[in-house]
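Hello,

Here is the structure I promised to pass on. My notes follow below it.

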Amino acid sequence: HSPYTLSLHDALPILIELYEKQKDTRRLEETLLTLWQSLTKVTKDSKSQETKFEVALRYTELLKHQKRIREAENILRTIWIDLEQETESTRTINRMKTIGDQLQSVGAVESACLIFARLWAYYVKTGKQSSAEASSVSSSLAQVTRETTAESNNLTTLVERSEEQRLNSSH
């Protein structure tokens, strides 16, 4: 084992950078997928969790760019599940906010709402609800709540209209 030997886990982030620069999306996705799959199987030490979080964000960005929103959402939800198991450190809280923002960006407002509500509860519990971070979470929570309400109202309107059409056509 020479000091210059790279492990697969050390080499993959370098390859990811290279493929991003070359705009080689096929190889980029293959590499991200390989790294993602290997990270979901390893023990949950802090270094692998850090790498997993970074890979998830990169992979999500690639999937969003390719309009593969459901896949991006699934990866983000996996990271959220991992974060729920961690202790509430500043890093974990910041990561939760990032995942909440990402979920909101892919239209997963219910999931984002859960995360922002959990974060707000944390800020209240720790007496930090007047901090800049808490203010940002509060704004995000209000926004996803409005989006969720709007979606619900749109669905209700759609159901009411189809019911009216059904009744009118039966007369």
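Which residue forms a salt bridge with Arg68? The partner is Glu29, with the closest N and O atoms 2.8 Å apart. I count a salt bridge when a side-chain nitrogen of Lys or Arg is within 4 Å of a carboxyl oxygen of Asp or Glu. This pair links distant parts of the chain, 39 residues apart: Arg68 is in the loop between H3 and H4, and Glu29 in helix H2. Helices here are DSSP runs (H or I, at least four residues), numbered from the N terminus.

Before you read on, this is a predicted model: local features need pLDDT of at least 70, side-chain atom pairs count only at pLDDT 80 or more, and totals for chains, interfaces and linings use all residues. Residues are numbered from 1 along each chain as its sequence is written, and side-chain values use heavy atoms, leaving out hydrogens and water.

Glu29 is buried at 17% relative accessible area, while Arg68 is partly exposed at 23%. Buried means under 20% relative accessible area, exposed over 50%, and partly exposed in between (1.4 Å probe, protein chains only).

Asp82 meets Lys52 in a salt bridge (2.6 Å, N to O). Because Asp82 lies in helix H4 and Lys52 in helix H3, the pair ties together parts 30 residues apart in sequence. Lys52 is buried, with a relative accessible area of 3%. Arg77 pairs with Glu73 at 2.2 Å between the closest N and O atoms, and these two are 4 residues apart in helix H4, about one helical turn.

Best wishes
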